[in-house]
Amino acid sequence: MKLPSGAELVLWLHVMAASVWIGGQILLGAIAPIVARQGDVMKLVARRFAAVAWPAFAILVITGLVNMHNAGLDWSALPRTAVGRTLEVKLGLVLLSGAAAAFHTRLAGAGPGTAALRGLLGGLSLLAAVLAALFGVVIAQS
Ligand code: HEM
């Protein structure tokens, strides 16, 4: 039996963290219409999710940097190769996903008037993360 290498363990951790960030957002979006009817429960659920999701996001960034090193991708080479440019697009999506989620969280206590914007930001964060995962697979297969 072949045991996982260090690089494989880091990549595994990266994918596990991605599943928390993406899967959690999908679950939250799916239950939101029902839970929102239960007073402040949605706020409590979202707060608990944030306590899990942000550490997962931090793990994504840290393991992503190690993945880059393990895949022989360095910052200076990024604009010069096709894989590097794919990684640049992916990093833009990661930034977008994190920023949209942070803004979404900040609006949490802003009242019902911001519900549509909050939903839009949540959807944007999820879409950007799903596309970042797709580009991650493209990089890993290159
Ligand atoms: C929302 C954040 C992120 C998500 C959802 C995500 C998701 C993924 C996924 C699903 C893979 C494919 C793994 C595979 O097919 O084996 C991957 C690979 C990769 N990710 Fe990320 N990632 C994120 C953030 C980052 C960040 C911030 C970096 C760099 C700083 C990064 C760098 C990489 C690299 C270099 C690979 C390829 C590894 C290899 O060639 O083996 N990722 N990512």
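Biologist: Which helices do the buried residues of helix 4 pack against?

Modeller: In this predicted model, the buried residues of helix 4 pack against helix 1 (6-35) and helix 3 (82-106). The buried residues in question are Arg118, Leu121, Ser125, Ala128, Ala129, Ala132, Gly136 and Ile139.

Biologist: Why do residues three or four places apart point the same way in an α-helix?

Modeller: An α-helix has 3.6 residues a turn, so residues at that spacing face the same way.

Biologist: What makes the span of helix 4 agree with its number of residues?

Modeller: Helix 4 covers residues 115-141, which is 27 residues.

Biologist: Why is Leu117 called partly exposed?

Modeller: Leu117 lies in helix 4. Buried means under 20% relative accessible area and exposed means over 50%. Leu117 has 38% relative accessibility, which falls in between, so Leu117 counts as partly exposed. The C-alpha of Leu117 is 8.0 Å from that of His104, and the two residues are 13 apart in sequence.

Biologist: And why is Ser97 called buried?

Modeller: The relative accessibility of Ser97 is 1%, under the cut-off of 20%, so Ser97 counts as buried. Ser97 lies in helix 3. Other buried residues of helix 3 include Gly84, Thr86, Leu87 and Lys90. The buried residues of helix 3 pack against helix 1, helix 2 and helix 4.

Biologist: What makes the approach of Ser97 to Trp21 a polar contact?

Modeller: The cut-off for such a pair of N or O atoms is 3.5 Å. The side chains of Ser97 and Trp21 make their contact at 3.0 Å, within that limit. Leaving aside neighbours within four places in sequence, Ser97 is in contact with Trp21, Ser125, Ala128 and Ala129.

Biologist: Which protein atoms are donors of the iron atom of the ligand?

Modeller: They are NE2 of His14 and NZ of Lys90, lying 1.8 to 2.0 Å from the iron atom. Donors must be within 2.8 Å of this metal, so both atoms qualify.

Biologist: What does the pair tie together?

Modeller: His14 lies in helix 1 and Lys90 in helix 3, so the pair ties together parts that are 76 residues apart in sequence. Both His14 and Lys90 are buried.

Biologist: Why is the arrangement around the iron atom called octahedral?

Modeller: There are 6 donor atoms, and the angles they subtend run from 83 to 178°. Six donors count as octahedral if opposite donors are over 155 degrees apart and all others between 65 and 115. The arrangement is therefore octahedral.

Biologist: Which residues come nearest to the ligand?

Modeller: Of the 22 residues around the ligand, His14, Leu60, Gly64, Lys90 and Ala140 come nearest. Helix 1, helix 2 (41-70), helix 3 and helix 4 each give two or more residues to that shell. A polar side-chain atom of His14 lies 2.8 Å from a nitrogen atom of the ligand; for Lys90 the corresponding distance is 2.5 Å.

Biologist: How many helices and strands does the protein chain have?

Modeller: The protein chain has 4 helices and 0 strands, and its pattern along the sequence is α-α-α-α. Of its 142 residues, 30% count as buried.

Terms used:
Residues numbered from 1 in each chain as written. Predicted model: local features only at pLDDT ≥ 70, side-chain atom pairs only at ≥ 80, totals over all residues. Heavy atoms only, no water. Expected span 1.5 Å × (residues − 1). Buried < 20%, exposed > 50% of the residue type's maximum accessible area, 1.4 Å probe, protein only. Contact = heavy atoms within 4.5 Å. Donors = N, O, S within 2.8 Å, 3.2 Å for Na, K, Ca; no water. Tetrahedral: all angles 85-135°; square planar, octahedral: opposite > 155°, others 65-115°. Near = heavy atom within 4 Å. Polar contact = N/O pair within 3.5 Å; in protein donor to acceptor, adjacent residues only side chain to side chain.
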